[in-house]
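The sequence and the coordinates are shown first, and the description follows.

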Amino acid sequence: MPLKYRILTIVALCLVSVWALFPRNVTSREIGADRLMHDVTSRRVPLRQGLDLKGGTYLALEVNDSAQKIPADKKADAIDRALKTVRSRIEGFGVSESVVQKQGNDRIVVQIPGIQDPERARKLVESQAFLQFKIADKTQALERALPRLDQVIKQRGLTPANDTTAKAAATANKGLQGLLNTDTTKKSDSAKKAGAGVKKDSAAKKDSAAAADSLKIQPGGAFSSLIEQGGMPGEFYVETTKIPTLDRYLADSAVKAAMPPGKDFLPGSDSASLQGKWYRTYYLVDNKEIATGEHLINAQPNQNTLDGTVVEFTMDNIGGRRFRSETGKHIGDYMAIILDNRVMGRPPVIQGAIGTRGQITMGGKSLADAQDLALVLRAGALPVPLRVAEVHSIGPSLGQDSIDKGLRAAIISVALVVVIMLVYYRFSGMLAVGGLVLYMLYTLAALAGFDAVLTLPGIAGFVLSIGMAVDANVLIFERIREELARGKTVRTSIDEGFRHAMPAIVDSNVSTILTASVLYQFGTGPVKGFAVTLIAGIAASLVTSIFVVRTFYLLWLNRSRGAQTLSI
Amino acid sequence: MAMLRILHDTKYDFIKYWKAAALGTIGFIVLGMAILGIHAMRHQSALNYSVEFTGGTVIQLTFKQPPGADVVRAAVDQAGFSGAEVAQFGDPVNYMIKVQPKEGVMAAANADSSGSQIAHILEQRLGSANKVTVARAEAVGPRVGSELKTKAITAILISFIVTLVYLAIRFEWRFGVAATIATMHDILTTLAFLAMMRLEISLTVVAAILTVIGYSLNDTIIIFDRVRENLRKQRKESLRDVLNRSINETLPRSVLTHATVLAATLALLMFAGEVIRPFSWIMAFGVFTGTFSSIYVAGAILLWIEHKWPRTPESESKGTSRALAEGRRRERPAPVTTR
């Protein structure tokens with residue numbers, strides 16, 4: 001290659017490297033003190049700092065197969081699809097420097113630098129975000145099934161988790177009814193529409209002490225004492241202390257069989273406190289959904305005075321058409337919006353056919369919760385439920401300290417290497433040091449270019465590579481010395497030196513690259529970062545020692561034509 | 001112009017001392033393994049695995065003033081983590097507490113709470129004058145541990161195979177086998193070193209061991225490259241003499257490269273802080289074991305293989321010379337322009 005092109009290549013490489021490393025505006029969304037996201041723009045070198053340097057949250061996710069066994073091959077496929085969803089959720093979380101990677105065949109590793117709220121991150125990735133719309137039952141199916149359920153529980157000899165009297169619950173029921181009836185006209189509206197439900201409601205009001213009776217069941221029945229009639233058809237209240245008992249009953253296969261066919265009994269997202277007791281809502285809904293979140297294209301958090309915090313969603317045309325025709329069939333019914341088997345808010349009455357737009361009411365939840373829900377809805381549902389296998393929360397104080405120490409070690413080791421090279425090789429050592437400067441520039445640029453994450457072991461690898469980078473130079477210089485000792489001219493010695501050193505340089509570096517690749521392939525987080533730094537370092541070292549230093553020599557030979565001696 | 005030369009044109013008979021070297025290194029490995037055995041009897045596991053492997057919780061506390069290890073230990077005991085390991089970490093104001101997993105407790109959920117629990121008790125004991133902050137609270141499930149272990153071992157085994165194949169292609173199978181055995185030797189001596197130093201095996205340490213393997217291999221290949229070249233030039237010389245000559249010829253390079261790497265390693269060891277220290281120790285040791293194994297393990301094994309399965313002219317023409325011829329073709333010098 002003519003000298004002119006050599007120099008051009010080196011200058012071009014330098015320009016590209018400087019461009020890659022030039023401080024630029026990096027916009028990242030970060031969560032401020034008010035728990036809301038803000039766009040923060042800062043001007044800095046675009047090198048990503050790993051978790052260990054910046055601090056943050058580390059999550060490892062696995063397929064949760066506790067509910068049903070998933071074969072290994074399906075698991076790998078599911079992880080691939082889940083990866084996309086998790087990535088878009090995490091990116092939406094507001095951290096531009098987050099890392100979402102597949103690890104092995106059955107794991108997803110999530111690193112969110114700067115976020116010190118592992119609980120929130122955990123909820124965000126664990127929630128499956130499977131959105132369904134189902135019609136709430138208004139045929140009193142559960143009420144009719146209650147005698148059978150009580151009997152089944154008696155026969156099976158199931159015992160409650162704790163003992164609470166039906167009476168206390170019944171009085172509370174009255175209170176709850178009162179609370180709900182004072183609410184709005186909408187409620188009485190719905191009660192009218194519910195028909196039979198109205199009678200039940202008034203019956204309960206008339207005889208509050210025997211509320212259970214109004215449900216046409218023997219008082220004190222094991223199952224019926226757990227639940228209270230809610231304010232709308234298909235709605236029930238369960239005292240929070242009784243939920244473990246209810247869960248125990250529902251887990252029994254005979255009880256499951258006795259539940260109304262074609263219906264699901266699902267917990268709601270709301271709970272209410274009354275007379276010092278907490279109640280959770282439950283809903284009986286058709287188990288066939290009228291629509292899912294599959295066709296959802298957008299979701300936005302909002303707050304309004306009427307419904308409090310809401311998430312407004314939009315469906316695409318296909319989903320909208322289907323939704324319109326399905327809701328058209330169910331005018332006057334209550335539509336439960338179900339997220340991950342939990343009924344969100346109170347099911348609203350379908351006033352008319354609903355098209356592409358709708359909203360999920362979140363009651364008293366904060367806007368941050370609505371933001372997260374909108375985010376997971378936008379990102380789509382997870383194909384399989386995930387479980388968090390590992391959580392690390394890393395303080396940033398460790399990070400800053402480590403960066404400082406790492407940088408100090410890097411500067412000192414560069415200084416030591418420079419001194420050794422200058423003392424031993426003099427002028428040629430100076431050329432090698434020039435190469436070393438370019439080596440550091442190229443390596444850092446390569447790291448920025450690969451979008452590599454700088455970790456603490458990564459910094460250590462970089463420092464170590466500075467020591468190793470001069471190895472190729474040393475090999476070449478020793479060969480040149482040998483050639484000079486044989487009495488060859490300076491120019492021939494340089495040519496021969498580079499030529500003879502080549503096989504050793506190639507073989508030794510290729511074998512190291514192979515080892516580093518194995519590390520990259522099978523390593524995890526920090527080890528991977530280390531491998532990337534190592535590979536980038538070797539590549540840069542090959543370029544500088546073979547190409548750049550050679551060019552320096554050619555330049556020197558041109559300047560001092562007919563040089564008889566070489567300082568090496 | 002005068003050159004600064006060290007160990008130039010030496011004629012040391014390195015191979016002569018192979019018996020002493022073999023005894024020395026076997027002794028070192030046996031001693032290391034014996035220490036591992038003692039550890040295995042005293043504690044549950046032979047090696048000191050980090051929480052990444054065993055599972056559990058790591059809590060790092062930073063104090064305003066040095067609290068004294070016994071105070072920290074007592075607070076940890078009071079919090080109900082009596083089996084925990086308490087260690088000062090770097091400065092006297094930093095403490096690392098490692099809590100082994102409790103049965104039936106989901107470690108992940110409790111990492112932050114156990115950290116704040118311990119910090120809370122310490123705050124009560126020390127008063128407001130000495131503020132405690134939880135710098136880090138990590139939890140790892142033990143299942144993750146076994147997976148990481150298998151991965152590290154798989155990575156090492158695969159790197160063996162890759163090395164063997166690469167050297168068999170570029171040199172000859174004898175060289176590949178010798179280099180791989182030298183690498184195994186390095187892993188054994190590094191393990192012995194780990195046992196003697198009682199270093200904790202973390203992912204970073206695994207990375208360091210793999211770097212040592214790469215570095216030692218590098219060194220072996222530089223010497224083997226000389227052997228390959230000298231074998232072509234001097235067909236009359238015995239392999240033993242060729243080996244000795246090659247080691248002597250590459251000696252200046254070895255000394256200089258080891259010096260620069262050791263300089264970088266020492267800088268890390270002294271200035272890069274506590275987190276990187278185990279990594280630096282292993283690298284520092286790696287420089288020595290790598291140099292040693294290149295001469296006395298790779299070289300000696302190569303001689304032994306030569307003795308057992310001598311090269312025939314055909315195998316030579318197939319192996320070494322072919323690789324060399326290839327090398328020649330590839331590394332033709334670039335035309336020099338004189339403008």
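A residue is called buried if 20 or more other C-beta atoms lie within 10 Å of its own, exposed if 12 or fewer do, and partly exposed in between, the C-beta atoms being placed from the backbone. This is a predicted model, in which local features need a pLDDT of at least 70 and side-chain atom pairs count only at pLDDT 80 or more, while totals for chains, interfaces and linings use all residues. Residues are numbered from 1 along each chain as its sequence is written, and chains are lettered from A and ligands numbered from 1 in the order in which they are written.

**The two chains**

Helices (H or I, at least four residues) and strands (E, at least two) are DSSP runs, numbered from the N terminus. Two residues are in contact if their C-beta atoms, placed from the backbone, lie within 7 Å. The table sets out the chains on these terms.

| Chain | Residues | Buried | Secondary structure | Share of contacts between residues at least 6 apart in sequence that join residues at least 24 apart |
|---|---|---|---|---|
| A | 568 residues | 48% | 17 helices and 19 strands | 73% |
| B | 339 residues | 44% | 12 helices and six strands | 77% |

The predictor's confidence in each residue is its pLDDT, on a scale from 0 to 100. For chain A the average pLDDT is 75, and 76% of the residues score at least 70. Residues 29-38 of chain A have a pLDDT below 50, and this stretch has 18 contacts in the model beyond near neighbours in sequence. Over residues 163-218 of chain A the pLDDT also stays under 50, and here the model has 80 contacts beyond four places in sequence.

Helix axes are lines fitted to C-alpha atoms over the stretch in contact, and angles run from 0 to 180 degrees between N-to-C directions. Angles under 35 degrees count as roughly parallel, over 145 as roughly antiparallel, 65 to 115 as roughly perpendicular and the rest as oblique.

Within chain A, helix α15 (residues 456-485) packs with helix α16 (residues 490-522) at an angle of about 135°, their axes being 7 Å apart. At that angle α15(A) is oblique to α16(A). The residues that make the contact include Leu475(A), Ile476(A) and Ile480(A) of α15(A), and Ile494(A), Phe498(A) and Ala501(A) of α16(A).

A crossing is left-handed if the near helix is turned anticlockwise from the far one by less than a right angle, and right-handed if clockwise. The crossing of α15(A) with α16(A) is right-handed, and that of α15(A) with α9(B) is right-handed as well.

**Helices of chain B**

Helix α8 of chain B spans residues 239-249, and its buried residues include Leu239(B), Leu243(B), Asn244(B), Ser246(B) and Ile247(B). These residues lie on the same side of α8(B) because they cover an arc of only 165° around the axis, the arc being that of the directions from the helix axis to the C-beta atoms.

Helix α5 of chain B (residues 142-170) holds Tyr166(B). With 18 other C-beta atoms within 10 Å, Tyr166(B) is partly exposed. Leaving aside residues up to four places away in sequence, Tyr166(B) touches Val510(A), Ser511(A) and Leu514(A). Tyr166(B) and Gly176(B) are 10 residues apart in sequence, and their C-alpha atoms are 7.7 Å apart.

Gln117(B) belongs to helix α4 (residues 107-126) of chain B and counts as partly exposed, with 19 C-beta neighbours inside 10 Å. Gln117(B) and Ala75(B) are 42 residues apart in sequence and 9.6 Å apart in space, C-alpha to C-alpha.

**Two residues with positive phi**

Most residues other than glycine have a negative phi. Arg426(A), which is not a glycine, has a positive phi of about 50°. Arg426(A) is placed in helix α14 (residues 396-449) of chain A, and its 17 C-beta neighbours inside 10 Å make it partly exposed.

Arg198(B) likewise has a positive phi, near 50°. Arg198(B) sits in the loop between α6 (173-197) and β6 (200-201) of chain B, and with 10 C-beta neighbours inside 10 Å it counts as exposed.
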